[in-house]
Amino acid sequence: MFKFIVAPNIEVSKTYLQNIEKLFNEAWDIFINQLHFKNPLQEGIYYNKGARYIQITIKDIPIQRGLVAANVQNEAIQITLHKGLTKNTATPLHELFHVFQYNYSDINNMWFMEGLARWSQNLIQKRKMQNETLPQNKDELATLLYKKHEAEYFWRKLFEFIEDEKLFVKLLFEELSKYNIENKKDLKNNYIIFEAILQILSKTKYIYSKELEEFVYLLYNILQQNTAPKENYDIATDTYIGDLNITTTDEIKQYSEIKYIQGTLNISNTNISIIDGFINLKEVTNILIDKNNSLFKISGFNSLQTINGFIKIINNKQLKSIKFLHNIQTVGSSFYLHNNSLENLQGLEQLHSVGASLSLSNNKLQNLKELKNLTTINGLLAISFNQLKTLNGIENLKSISTTKWGDKKFAIKLYNNTHLKDIQALSNIIEKNNNLIIIIDNNQNFTSIPDANSNFANNNIKVFDKNGNLLLRNKVTKTKDWSLFEELVMCSTNNNCEICRNKKYGYSWRKKFYDNITTPPGGIDFECPYNKPWSWYGYISKTEKIIKKERPTIKEQLLFAQNHQDDDSFNGDTIDVVYPYFSPEQDSSDELRYSLRSLQNIYEKVNVWIVGDKPDWLNTNTVNYIPHTKQEDNIWGDESRYIDSRAKVYLATKNKKIGSHFIFMNDDLYILYPITTTFMGIPRYYHDYTGDLSKFRVTVEYHKTQLRGFKALEQKGLPLKEYSLHWPYVHKTSSFINMYEEFQMDKIPYNHESIYFNKFSKAHIPYQGELLRINKIINDEILLEDIPQNVFILNNKMKSFRKIKNLLHTLFPNPSIYERDR
């Protein structure tokens, strides 16, 4: 009867499954043996669709907690259940009740479906009852019909007057099964439910009360009014069905009784100067008020609370106020207010979330103080072309999303706010994928910005001007050097400091200062007398010319490495390079081809090992090839690739021919410029979480493996520096074997670099931007001039190889000795 499945990557205990099975069996017994419902595996809608068993899949669905499919798949009724339900949860009973509802009727109006399912939970739990009365008038009935789970209290109140509530529900289901339902959520279904309730009341025993009598009379009256229904209008709920297009003031008055609009309220391209009405409107799908050249005032809308879709009040050049939105808390989709003449945002004091983008551009806004309760924008924030001096008001905004608008992709648009100097209010913002793109004026400086410990600073930040010129690219390389963003802060001297900003003296002084530096980036030690931060790779000011430190020469690298090496670091003439390699069917293996070609830039001689798949073009006379089948583990799902990769390298390290040290290389790493193994081998770390692991944020999959490694290190009392750069690190062979076996990397996925270097390395330096990571947020093809002057290594993320292939062919046009078809 029941079949239980645990979804991949989900971990639940045997005890948890046993308890869930027990709860489903108990619920089944209640519905079959106490309420005497039809068995959906023997008769009814599900049975007619071919259902022969019920499959319960355990997944991670914390919001819904349970879901039921109306259709049958492979002879199974599908129920999905959350993995973390409490021991005495009523969710299995609730979801199984939906199965019986669907087995009788296709009606899916929420007050009926969810309200009754919540009622059913009282069969095993004593849920607190609210102060409820049966609807006594049309307004109260309309409110009920737009409820969902909270309609439970209506059904419980109704059943207080019914002698046998279980029998009533069974008879109600049987009555509803007689109707052919065209649209499962149609408002017309409400009249079918009304008729069924009245029909069952005539068949069952109930306790007389004035309250019940008024309710019954109300249903009779509504059914009578609906005998000649108006087109596009629902009598019971005062709902307009479809788009309501208003062109004159008189039409606004005609719809004064409307409470709900299932469509768009459209007032566009009219000569209306004042919109005053819709005082009973509670809920609308969309609002579009556009290009009304005479419109200067909107009032009314006293009851409006819910916008399920978008609000677009745009291009109304005389409109100065939106106070009529004062009850709005959430907007389901886009919220556009651009190209009006708004002087403030009064009316948005209650707004806390926007389902897509929020556009406030091209108004006359001087502050955003009315947005104090706004926490979430599931799209971009556009506030350009205003009169803002500060962003104060959006301090509580925590979530935003980089989104494409026209031909640009960004998260925040700030330009053409001439006097905007303070953007401290952005401190709590985290872009949902950590890729925060900001557009500002080319010459824009700020006196106050979020600090380096803010949530804002944890984003991968790119700053463009409005013409698409890249002003700041520090976070593409995921450097934690916050000074790169602080470069946008105006110096307290207003850019007139003789030392670093004077156009004539300052420039020549800076250039001389940099020319005298002989160590790699990171060796600069200079304090501005005005406390202006310096970046390690030479960005001094966005308002002046940019001076960049060139890549260190081989001689400079060797000198630098002497002072930053462990005693047992590599110092030989030949280094082994180990590639763990897996080639998907669609992969042309060109990534590996160009990666091998780039090895020519390693100063020392190299001995190449490839473990895993073998491309057709690979020359096994010049490569040490070890076959290895990809390891997959259903327990770890996608994370099992870390187990597979480390297993491949471990296999190579156990080979007697391998040397004392090796480079752990990947096919998506490319060495662009000459580099020594000693310089490349100095461990570089992002951040030190020692003693404060709570600051580590898990935002993407590999962070899970990183956090798992940190916890293992923490248990052993080891440091917690983050080394996960995806960099061609140099490993001591014996130490890698020791780590692999000690931490059981054949069974547990780790991002191993942090484990290895925290355990074995004493020498290290902060990461200084020598790696350029190409990812999906970069839309254009990468050119040679795009590569910052301090970068040695290029890493492309999944699906971004096409952006760098031409660049790689320019740098490495000739086949290497590792290619058979050279």
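Visitor: What is the order of the 4 strands in the open sheet?

Guide: The order is S1-S2-S4-S3, with mixed pairing. Strands are DSSP runs of E, at least two residues, and helices are runs of H or I, at least four, numbered from the N terminus. Two strands pair if DSSP finds at least two bridges between them. This is a predicted model: local features need pLDDT of at least 70, side-chain atom pairs count only at pLDDT 80 or more, and totals for chains, interfaces and linings use all residues. Residues are numbered from 1 along each chain as its sequence is written, and side-chain values use heavy atoms, leaving out hydrogens and water.

Visitor: Which are the edge strands?

Guide: Strand S1 (2-6) and strand S3 (66-73) each pair on one side only.

Visitor: How many bridges join S1 to strand S2?

Guide: There are 5, and S1 and S2 (residues 53-59) run parallel. Phe 2 stands opposite Ile 54 in S2.

Visitor: Which strands does helix H1 lie across?

Guide: Axes are lines fitted to C-alpha atoms, for helices over the stretch in contact (heavy atoms within 4.5 Å). Angles run from 0 to 180 degrees between N-to-C directions. Helix H1 (residues 14-34) lies across S1, S2 and strand S4 (76-82), at about 150° to S1. Helix H3 (residues 91-104) also packs on the sheet, and its direction makes about 35° with that of S3.

Visitor: Where is Leu 718 found?

Guide: Leu 718 is in the loop between helix H17 (701-715) and strand S34 (730-732). Buried means under 20% relative accessible area, exposed over 50%, partly exposed in between (1.4 Å probe, protein chains only). At 22%, Leu 718 is partly exposed.
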